[in-house]
Amino acid sequence: MIAVRVLSAVAGRRYLDDLAGVLVDCVDGGASVSFLAPLSRVTAVAFFETVLQSVDRGERLLLAAFLDSHLVGTVQILLDTPPNQPHRADIAKLLVARSARGQGIAGILMRHVEDQCRVRHRALLCLDTATGSMAEKLYRRLGWTAAGSIPNYALLPGGQPCATTIFWKQLE
Ligand SMILES: CC(C)(COP(=O)(O)OP(=O)(O)OC[C@H]1O[C@@H](n2cnc3c(N)ncnc32)[C@H](O)[C@@H]1OP(=O)(O)O)[C@@H](O)C(=O)NCCC(=O)NCCS
């Protein structure tokens, strides 16, 4: 059974270790999500602590997916856009633990992202992802449009440069 919840800062603190575990697992698996390998648990926890401070300030939403009550996936909606972009949100850090992949959890998380954005009148969504990644295929399947690709934008966890594709989606 898969359930998705929007975590408050208080709830997020209860799941800090699980959130950090998913991030470490994704980086160990080669995902280009801001960090180089090896990513320590301490650094991953510190990252989610700053995320939760931002949740507390109302700048972002933190969503978590639970498979049989275990936290296995997460994604963030960044709402802290400039005053002239009140209709927009950025989506970041869609992460699903390797053991839970291939069951549509990312798709379910992204459907909740769209629902949350709709009720907040955030109709234009943007994100970027490593070119050629599994995530890139997923976003295309979910109806996102690729605006273009930037070569050598970031490093893969192992240190090799990798391109990034910028995506956008206009909600109905
Ligand atoms: C991208 C990611 C979030 C997808 O999560 P997911 O819950 O496995 O997504 P889905 O179940 O919808 O499957 C995605 C694809 O993987 C394929 N897949 C099937 N079984 C799989 C398995 N055991 N392991 C991995 N992928 C599998 C699916 O067929 C699907 O392919 P398709 O898009 O061509 O249909 C996940 O791979 C991930 O966390 N990657 C690392 C982090 C990352 O790159 N995040 C994006 C940041 S922008």
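Helices (H or I, at least four residues) and strands (E, at least two) are DSSP runs, numbered from the N terminus. The legends below describe close-up views of a predicted model.

**Figure 1. The loop between β2 and β3, with Asp-68.** Asp-68 is found in the loop that links these two strands. The phi angle of Asp-68 is positive, at about 50°, although this residue is not a glycine. Most residues other than glycine have a negative phi.

**Figure 2. The loop between α2 and α3, with Pro-38.** Pro-38 lies in the loop that joins the two helices. The peptide bond leading from Ala-37 to Pro-38 is cis, and its omega is near -5°. Most peptide bonds are trans.

**Figure 3. The packing of helix α2 against helix α3.** Two packed helices are described by the angle between their axes and the distance between the axes. Helices α2 (residues 16–28) and α3 (residues 41–56) pack at an angle of about 120°, and their axes are 8 Å apart. The crossing of α2 and α3 is right-handed. From α2, the residues in contact are Leu-16, Asp-17, Leu-19, Ala-20, Leu-23 and Val-24; they meet Arg-41, Ala-44, Val-45, Phe-47 and Phe-48 of α3. By class, this contact of α2 with α3 comprises nine nonpolar and two charged residues, with no polar ones.

**Figure 4. The open sheet of seven strands.** The strands follow the order β1-β2-β3-β4-β5-β7-β6, and their pairing is mixed. β1 (2–7) and β6 (145–155) each have a single partner strand, so these edge strands are left without a neighbour on one side. From one strand to the next, the twist averages 25°.

**Figure 5. Strand β5 and its pairing with β4 and β7.** Strands of a sheet pair through backbone hydrogen bonds, either parallel or antiparallel. β4 and β5 run parallel and are joined by three bridges. Here Ala-89 stands opposite Leu-125 in β5. β5 and β7 (residues 161–170) pair in the antiparallel sense over seven bridges. Opposite residues include Leu-124 with Gln-170 in β7, and Asp-128 with Ile-166 in β7.

**Figure 6. Helices α2 and α4 lying across strands of the sheet.** Helix α2 lies across β3 (70–78) and β4, and runs at about 85° to β3. Helix α4 lies across β1, β2 (60–67), β3, β4 and β5, and runs at about 40° to β3. Together with β4 and β5, helix α4 makes a right-handed β-α-β unit.

**Figure 7. The shell around the ligand.** The ligand is surrounded by 21 residues, of which the closest are Ala-31, Arg-101, Gly-102, Ala-106 and Ala-135. The elements that contribute two or more residues to this shell are β4 (88–96), α4 (105–119), β5 (124–130) and α5 (134–141). Helix α5 supplies the largest share, with five residues. By class, the residues of the shell around the ligand divide into 12 nonpolar, six polar and three charged.

Note on methods: Residues numbered from 1 in each chain as written. Predicted model: local features only at pLDDT ≥ 70, side-chain atom pairs only at ≥ 80, totals over all residues. Near = placed C-beta within 6 Å. Nonpolar A, V, L, I, M, F, W, Y, C, P; charged D, E, K, R; others polar. Pairing = 2+ DSSP bridges. Axes fitted to C-alpha atoms, helices over the stretch in contact; angles between N-to-C directions. Contact = placed C-beta atoms within 7 Å. Left-handed = near helix turned anticlockwise from the far one by under 90°. Right-handed = clockwise from strand over helix to strand, strands pointing away.
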